[in-house]
Amino acid sequence: MTTPLHLAVALDGAGWHPAAWREEGARPRDLFSARHWAALVAEAERGLLDFVTIEDALGPQSTAPDGPDGRTDRVRGRFDAVLLAARVAPLTSRIGIVPTATTTHTEPFHVAIGIATLDHVSGGRAGWRAQVSGRRAEAAHFGRRDFPVLDPEHLDDRHVGDLFEEAADAVEVARRLWDSWEDDAEIRDVATGRFIDRDRLHYIDFSGRWFTVKGPSITPRSPQGQPVVTALAHARVPYEFAARSADVVYVTPHDREEARRIVEEVRAIPRDGAPLKIFADLVVILGADAAEAAERGARLDEVAGAELTSDAAIFTGSAGELADLLLDWQRAGIQGYRLRPAAVPYDLERITREVTAVLRGRGAFRAAYEAGTLRGLLGLPRPVSRYEEATTS
Amino acid sequence: MTTSTDALPRKRVHLAAHFPGVNNTTVWADPRSGSQIDFASFVHLARTAERGRFDFFFLAEGLRLRELKGRIHDLDVVGRPESLTVLAALAAVTGRLGLAGTVNATFNEPYELARRLATLDHLSEGRAAWNVVTSSDAFTGENFRRGGYLDRADRYTRAAEFVRVSRELWDSWAPGDLVADQESGHFVRHGDVGAVRHDGPHFTVEGHFNVPRAPQGHPVIIQAGDSDEGREFAASTADVIFSRHGTLEEGRAFYTDVKRRLSRYGRERHELKIMPAATFALGDTDEEAAEHAAEIRRLQVSPQTAIAFLEQIWGRDMSAYDPDGPLPDVEPEQEGGVSQGRVQVADRAAVAAKWRAVAEEKNLTIRQLVIEMTGRQSFVGSPATVARRIDEFVQADAADGFILVPHLTPGGLDDFVDRVVPLLQERGVFRADYEGTTLRDHLGLAVPRSLPEAAPAATSGDAPRLVPEAVPTAVPAAVPAAVPEGES
């Protein structure tokens, strides 16, 4: 008996290898068209994946840790991910769509109603990858806060702690707003002339160090009640943020032992509610066999002029070998994967057509979508509004 | 048709569809009333508008639920999506229709909003529009980091600077900056694309924008506001004015005044479209339409809604009075108020006196009085009558077209599109099919030139005091109900 794995893909530009846009079939001008993204998400849905994530940031991509790098040979520019997610949602029907939205500099109220709206337009398939923005260069786009230059070698613990504390507050505000309309708040009672029962709408009265938000939301409760909150985490502070605030965490182990150690560490953090789903991120370079995959990787590196590096482990090999690895790390407690295709559509199609087939053959992946919402696909129940619980208990 | 304007080329009518809002214009007690939040409702109305070859679809915004007597107002339709997110989804199910969202400049930052609008323009292949509104309202501000504690003058200059920074951001990628040439290996034309440096009284934005130049260059800018400063802002900056309807004479006066202001900014008359909000009621005959209009009015003003209207004008609790009884002999409160998230009634005593005079003269109950005094439909008649009236307004320079506000979700535009649009097309004043692909094409607006060389001069931020304003709430007596809701 194998527990089925959850599989997601992370979409970004032409793929996660910096030379991906130069691959044959990449059509790089289409990166700024809806059809490019619609085709990728449709492919992911054909592969029965749980969800796609869409990357975003409040500044251009850069090889420098903070600020522009002046390069002209790499993909620069991105769409707002929440809008992009909404644009592809009506063209799909089962797959979850999880855009990135930043918690720093943005208004939690706007982010919350944007994700709730995505849940409405997708019929319950919305998620949110909550991300912080610690860069000085991005802060300068807003001109409200002065951040130190981000140096990954010498992180300022207080700055990082603040960013994640603010992110936790932003998620808390969103979750309260999503619950601020009870499911049956709309009554349309002609006899009394009342459209809503205002006793089933709730002020959230959030007050924190970074903002206060009164509520209620302007958007009625969405199909999932609570859209799925996810976060990428590489270290203790973001693990704590994920344990406190998220439904799914993406971690970046480089081998099975590290996966086991991270799972233990994350599981040891106190948490309310359903257990956190732990996914591992992997950059994947695939081929018909190991040799072909290695050849592709080498060719991409050569075009890029440098060997690929990543925060996540980089897998190079065949679909069967990747399936072996995914099942191996599963034994360390990893419940799903967010695969970052090195180049699209090639690596995406190897995932949706081959990796899924191999896993299915081993009883570790679905043969059909078993639920209509993202929470359903992840095995998460639809929660009752916290305010409803409070009034009925 | 024999009119005096036959000899002149006839102006083309522009039409937009307003998604029914969260005020009592929207009737929910009708069995045909559907969901105000299901995406299917948005799809229905947008596709109907596109079938009717409308210029654009329009969404209002209100960022705090309205309150009456310290409690959430429960008598009207309430609850709506985030504007730009639902418009992005609609871009997937429409092909030509413009997509206009109201987004408050007070509770956003230019970098983020400009990139969302540029994204929407890309995702719709050039169909995005932004209705710029502002707020000085601390009540709404309680949902936001910044709060709403700007004084009136500041809020106006802030909005003007907001639009200015947005345009600098949209211009920061020149048309040829996205190269994406696989052969040469250049993705962008140079290493500093998107560079922006703005230092003004309200915004300091320094760095690099991360969305390539949008198909329309700049999304279409819509502005709603009627004050002198509002008109000046529109004349300098906007592509469309979302104005009040009023009478033919009022419309002509407004039109003449605003178009006259354009020359100060080196703009031509056709570069700013004036599109008042308008409601309508149709019937097979004019008599039937009048009956239909009266029935709609009755549904819009329930007994409870009648009392709520009265309380807003009188500024006090009136719940003890019978809506089907006479107007009570009490005076309005001079200070304070009972409503939040609406424009307040300016002079209660004068408005109340006027209402009392009408009630006495016509011997009306409270509910009959409210029906009499609020929200008469802009166009009532057979399809032929309504088509003729719309054409007359446009040919008489009282408007360039209308933003139609249906009273039903989602089918409230069906009859108009099926029965009135063909008549406007027969009259030769409305397009038989889309002639272009972008909203600028539909509105006859040129794509703005990218002016990177002009950018340094445009970054000082010391703009003239130009004044955008929100559309006022549908407050009785102060504004006809044709005016949409809640932006404050």
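Into which domains is chain B divided? Chain B splits into domain 1 (14-285 + 376-459) and domain 2 (302-373), with bounds that come from an automatic or database domain assignment. Welcome to this predicted model, in which local features need pLDDT of at least 70, side-chain atom pairs count only at pLDDT 80 or more, and totals for chains, interfaces and linings use all residues. Residues are numbered from 1 along each chain as its sequence is written, while chains are lettered from A and ligands numbered from 1 in the order in which they are written.

**The two domains of chain B**
- The C-alpha centres of domain 1 and domain 2 of chain B are 33 Å apart.
- Each domain of chain B brings 11 residues to their contact, where two residues are in contact if their C-beta atoms, placed from the backbone, lie within 7 Å.
- On the domain 1 side, β3 and α4 (138-141) of chain B are the elements giving two or more residues; helices (H or I, at least four residues) and strands (E, at least two) are DSSP runs, numbered from the N terminus.

**Where the chains meet**
- Chain B puts 65 residues into the contact and chain A puts in 62 residues.
- Helix α3(B) gives the most to chain B's side, with 8 residues.
- That side of chain B has 33 nonpolar, 19 polar and 13 charged residues (Ala, Val, Leu, Ile, Met, Phe, Trp, Tyr, Cys and Pro count as nonpolar, Asp, Glu, Lys and Arg as charged, and the others, Gly among them, as polar).

**The largest nonpolar core**
- This core holds 260 residues, and V52(A), V249(A), F57(B), L99(B) and L404(B) touch the most other members.
- Such a core is a set of buried Ala, Val, Leu, Ile, Met, Phe, Trp, Tyr and Cys residues joined through C-beta atoms within 7 Å.
- Helix α5 (residues 157-179) of chain A provides the largest share of the core, 10 residues.
- Both domain 1 and domain 2 of chain B contribute residues, so the core lies between them.

**A covered helix in chain A**
- All 8 of the 8 residues of helix α2 (residues 81-88) of chain A are buried (20 or more other C-beta atoms within 10 Å of a residue's own, all placed from the backbone).
- Their cover includes α1 (34-46) of chain A, together with α2 and α3 of chain B.

- An open sheet of 3 strands in chain B runs in the order β4-β3-β15, with antiparallel pairing; strands pair if DSSP finds at least two bridges between them.
- L68(B) stands opposite S339(B) in β15(B).

Definitions and conventions. A residue is buried if 20 or more other C-beta atoms lie within 10 Å of its own, exposed if 12 or fewer, and partly exposed in between; C-beta atoms are placed from the backbone.
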